[in-house]
Amino acid sequence: MPSPEQSGASTPFSTTTTLSAPSTPKLKEAANDLQRIADAGAITASTLVEYIASRNTSSSSVFVYDLAEQAGFGTLTRSWSEAGEATAPVVSLQTRAGAGLSLVGRLSQGSSKDAAKSAVLTAYTTPSGLAAMVQSLSYLPPATPTSRLVIQVPTVTPVGEHFALSPTLAPFTPALTLLPEGFTVLLSATPQETVALAALAYKLTGTHVIHLFDHHSSARETGHTSSPLTVVPEPGLTLEDGLKAAGYATLEYAGSQDAEAVIVLLNGPLALTAKALASRVPGLGVLIVRALRPWNEDTLRSVLPASARRVHVFDDVPTESTQGSLYLDVFSTLLDPLKAGPIVKSHRIVPARTQEFINSPASFASYVSELLPSRTPVLPSDAPTLKKLLFFSTPGSSLSPLPRMVETTFLAHKSLTSRLLTDHDVFSKPGGVTADRIVLSPKGDTQPFVPLSAILPISYESTGVANFVAVLDQSLLKSHEVLSHAAPGSPVLVVTDWTPAELATTLQKETVALIQERNLHLCTLDAKKLAAELAPSNKHVHKVLENVIVLLAFLRLYLAAAATEDLVRKVAAADLGELVQGVELTKLVHQAWTGLVEIDLSSPPDSEQPASSTPLKHFEFNAIAVETAEGDTVVNGARLGSWHDAAKHILFPSAFTPPDALSFSSPSSSSQGQNPALRPELPERTFLVTCTVNRRLTPLEYDRNVFHLEFDTRGTGLTYEIGEALGVHGWNDGGEVLEFCRWYGVDPAKLITLPVPGSGAEGEGSARVHTRTVFQALQQQVDLFGKPTKTFYTELAEHAADVADRYALRFIGSPEGAATFKKLGEKDTVTFADVLRRYGSARPGIEVLCELVGDIKPRHYSIASAQAVVGDRVDLLVVSVEWVTPSGSPRYGQCTRYLAGLKVGQKVTVSIKPSVMKLPPDNTQPLIMAGLGTGAAPFRAFLQYRAHLASQGLPVGPTYYYFGSRHQSQEYLYGEEIEAFILDGTITRAGLAFSRDGPRKVYIQHKMREDSADLARMLWAEKGVFYLCGPTWPVPDVYEALVEALGSYAELDREKAGAFLEGLKEEERYVLEVY
């Protein structure tokens, strides 16, 4: 085991340490809750910038540009706005030429409603986006206390062939000369400074403000407390006074007061690294620019030491032939024709050089040393008081929460400061790689703040700087260079299900040689097996125990020689208690203690040791993930189906489509290729099936048309699993399409050419197109009778010849028109066609109109058949959607109307979509199915399949079926089949609830309560699975019925019964498909 010198044993570590592992903090509705979380250091500065900027007390509207969201900034603002948490209205914008004109229009007098009232507009964009909008900003009216613009700029820019994320400002600095007067440009680097300057941007009332902050590293760290988040504008406040009140200055000098060489940099990660070097290198001075505009010549002259002979200006520039604006500012300030001054030298730092300096602090230190008169070698800082921990894992794995658990452990420690930074690489491995850096330092440490990327760099030629390395996914040892980051003599923990002997034999020769050369202590832990021994049946509990076991193993390695089982237990018990998910902590500590094995690799490598067949890959930071309050993980601005999609989204952000859209490798797909003539504009694998049955199940006089459909799939290659959904690509009504064509004045037989979405960028020549008649396009593809989006109103306005129409459309599409937009969409239920008729002067060309409206989206219906039983057939159960608008106009659901009108023999385009409604792997597990109305569809498939198994003599478990509708005589869907299933024993118990047939209303939850003991027994003791399909309204009542049943059967209180059901969700044994 590692020696105490190489561990954290020398660091004070009391038994009051907190070991809890909360999920990623979600921002609460109340500001005081957020302040409490921020004070604990559990939220990043970037999140706090979004919070400050998005409050309706700070901004009247927030404009989120696409580049900002692709940099992981703006997603939370949109999420809060949708939740209505005192957030300003949010407008999404694309970055293109003239990108800032929307902002100009909003603040221009006489042409905007925003200008007529108090309006502070906020925009989110990146340095690249800022460069695109600078020219437009010259048209901005002067800022006033009631009308001004604040632009929050996370400094993240993709560079290089792997789109590595860089803090370079190179895209923006050449455009700085075009920035008009009346702008204040602030730059922040540390987390506290980022929050302070974000708040200052809204306190300054006499200027437009651009705030650039280090979203590449520092602002995404957790572990820092922040200043109060309440922002109150202060009319008359000057920039200098505002910075001084926050503890900062426009220009900051650090280093020797008699320095001959002074480096000038814009505030950012390299500036902080240079500042740290200046604190220990004699003769070096660093001048950090915190306020770039307005440029203050007097301040520069006053802070620059008189001893300075050479002033080296580091300018971020796109190419070495580009002259940086910072150099011009410094040169013109120090130029004095009457007396000799210091020599001002320009250093043009291109993005590739910035990446070199960020990834290799030693390279930056060497570059700086060349600027000193003495050419004294300068080594990167390596404070011995810092402890550096590095965790490599894969996103979404069961051990993903572990680094935050470790950070939380030290955040609560009174004498330690803990910082955590999480980066992702989605190119080097399918599904991605995650690197979590944690740095521990004594509280009150007076060393200058340095970004984690400089303290713990993940560089190509690392000599080893991490005091501890954990590999939480064993496959990374064979694919990536992860152990090279471990410092000599440090412990390395590999969480693996390989035995120590297996791991030793699979390591490549180069890896073994590195371990021996650096005397690394390679330890293994099979956390999954250890957790399974303690919780064999509950996946949720298993996951928690797995993380706790790895945490306990980490503590043992961290405490090194001082560690004992009792000490580790005492430390952990202070927060976890003596029981974790019902398991004694003593057992967990013993499991971690005995399961941790150090591998002896001191002997020469076996001649049979595998050599590296391919070079190990290096981690490269190219993706930022944001977890929203709804639980979605958004990677570089995209809500992805899986982490495997992330690299594709970076490559094609504007044309991203789901994986395997045209390769059809999913289990539900056929080996047959896609026929490009069959709906070529669709990314899904589609099939052309034939309607063979369209039968109404409810009486003609009944007010609901519920009907049964059967489609012949022979020769199509369509296959599906039980519980999956059929996507129907429905058509618009032909008569309504022809009527629209007559009104619009377009020939329905005219041929038009439309691009195939996602097939190539405009103008590249590789984009595919398809040609069809206007009638075909409007009937089969374009969502003409669908619900208009806000973007449609805004874009249609540009085609309106009438001024009143144009302004009306713009208003509806604006944040101020939200109430009108909502009324039109939700109350009047207007369609695209209705809007075009209402604003008749807006008549774009038919091809343009088709692209403005967009395509009909498939509607998905649960499949009501089991293919193993029905063969080349797929069945649906559908209810027609019909309503009347307040004006008396009838409305129809587009797809249900299409399906209801299908004739036998008619062809239909369909696709397959996976679903959560799956049968359990063991056919003897009990099934509890609850369906309302057409929610019975997937359960018909379940019952068909169980009856099929029973007919073959195979054992099946009990099946309880609950069904609810209004009247048995009119809406007992598949009633004859259900009665047959009851008679032959396929259905063990049926609970049929027809709410309007008796003196009192009876619903499925009432029928479930009658069987509460059986339901609780099946779920608690027999691994039963519960399904609910149908509308959302019965979910709370059904949940209560199960909680009560578990309380009576298992003697659980309400909280524990609820927790048990939550655990069943993790095990896919409590499945809801509601709508």
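Guide: What follows is a short tour of the cavities. This is a predicted model, where local features need pLDDT of at least 70, side-chain atom pairs count only at pLDDT 80 or more, and totals for chains, interfaces and linings use all residues. Residues are numbered from 1 along each chain as its sequence is written, and side-chain values use heavy atoms, without hydrogens and water.

Visitor: How many cavities of 30 Å³ or more does the search find?

Guide: Rolling a probe the size of a water molecule over the atoms shows where empty space is left. A cavity is a set of points, on a 1 Å grid over the protein atoms alone, where a 1.4 Å probe fits but cannot get out. The whole structure holds 7 cavities of 30 Å³ or more.

Visitor: What is the volume of the largest cavity?

Guide: About 240 Å³. Volume here is the space filled by probe spheres set on the points, with grid points joined across faces, edges and corners. Lining residues have an atom within 4 Å of a point. The largest cavity has 22 of them, and Pro-167, Leu-266, Asn-267, Gly-268 and Asp-316 are the closest to its centre.

Visitor: Which domains supply its lining?

Guide: Domain 1 (33-246) and domain 2 (251-371) each give at least three residues. Those bounds come from an automatic or database domain assignment.

Visitor: And the second largest cavity?

Guide: Its volume is about 170 Å³. Of its 15 lining residues, Asn-359, Arg-437, Ile-458, Glu-620 and Phe-621 are the closest to the centre.

Methods
On a 1 Å grid over the protein atoms alone, a cavity is a set of points where a 1.4 Å probe fits but cannot get out, and a pocket is an open set with protein on both sides within 12 Å along at least five of seven lines; lining residues have an atom within 4 Å of a point.
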